[in-house]
Amino acid sequence: MIVKNAEFIKSVSNFGNILDLSCPEFAFVGRSNCGKSSLINMITGNKKLAKTSQTPGLTKLLNYFYVNKKQANQFVLVDLPGYGFSKAGKNYNQSWNELIEKYLLNSKNLKRIFVLIDCRHEPSQLDKMMIEFLYYNQIPFTVVLTKTDKLSKSKLNNNIDMICSSLKLGRGNVLKSSSETSFGKQEILSVIENDLTCN
Ligand SMILES: Nc1nc2c(ncn2[C@@H]2O[C@H](COP(=O)(O)OP(=O)(O)O)[C@@H](O)[C@H]2O)c(=O)[nH]1
Ligand SMILES: [Mg+2]
């Protein structure tokens, strides 16, 4: 799929304001700093679309973006707040849970969640909980291992085995990506395209 245009729509900080754009939605979730915003920029080919940060945990908002607006294959990307950052405090984590959970359970246009995991690290308890939650609620999801440029081929291979066994997923069920090199871009876009055409 070719991305012709991408634009920021709106940031939303509470569930009462989540958008119904009557357009297929794809959301990105994962711990703070795992590369959600960078991946959105990579697949849209616009480095400035979603704000990326060296400082984890600052995004408390749902950020919406249109892709291919006014084209037949128009869709919406949603950058969800990162999880697993304690500095932002207990209240923050609680409101995060509520906002994400409500979003995941109530967004009518949601087609798929991309669960991003930094390929350098073992999945956290929160990653596992997220995947169990998606299974339990029958929400389609795809796991994407991010930042593959940071590892050698053999180290990456070992880590994929480790991550897959920790998440009880087959190797064929995870995608690999690098926002640095654009590796994995077409595969992610193909998953989106497939959802747009098959449903
Ligand atoms: N080398 C490399 N760095 C990345 C990649 N993706 C993200 N980063 C860096 O990781 C940090 C966090 O990325 P960001 O997209 O803001 O993560 P988010 O908190 O999940 O949205 C930033 O410093 C990015 O430049 C990648 O694929 N390769
Ligand atoms: Mg971000």
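This is a predicted model: local features need pLDDT of at least 70, side-chain atom pairs count only at pLDDT 80 or more; totals for chains, interfaces and linings use all residues.
A polar side-chain atom of Lys147 lies 3.0 Å from an oxygen atom of ligand 1; a polar contact here is a pair of N or O atoms within 3.5 Å. Residues are numbered from 1 along each chain as its sequence is written, chains are lettered from A and ligands numbered from 1 in the order in which they are written, and side-chain values use heavy atoms, without hydrogens and water.

Let us stay with the ligand. Which residues come nearest to ligand 1? Of the 17 residues around it, these are Asn33, Lys36, Ser38, Asp149 and Ser179; a residue counts as near if one of its heavy atoms lies within 4 Å. Asn33 places a backbone N or O atom 2.8 Å from an oxygen atom of ligand 1. For Ser38, an N or O atom of the side chain is 2.6 Å from an oxygen atom of ligand 1.

I turn now to the sheet. Helices (H or I, at least four residues) and strands (E, at least two) are DSSP runs numbered from the N terminus. Seen in order, S1-S3-S4-S2-S5-S6-S7 form an open sheet of 7 strands with mixed pairing, where two strands pair if DSSP finds at least two bridges between them. Strands S1 (6-12) and S7 (174-176) each have a single partner strand, so one side of each is left without a neighbour in the sheet. Within the sheet, S3 (residues 62-67) and S4 (residues 75-79) pair in the antiparallel sense over 5 bridges, and Asn63 stands opposite Asp79 in S4.

Finally, the helices. Helix H4 (residues 153-167) packs on the sheet, touching S5, S6 and S7. Leu39, Met42 and Ile43 of H1 meet Lys185, Ile188, Leu189 and Ile192 of H5, contact meaning heavy atoms within 4.5 Å.

Definitions and conventions:
Axes are lines fitted to C-alpha atoms, for helices over the stretch in contact, and angles run from 0 to 180 degrees between N-to-C directions. A polar contact is a pair of N or O atoms within 3.5 Å; within protein, one must be able to donate a hydrogen and the other to accept it, and residues adjacent in sequence count only if both atoms are side-chain atoms.
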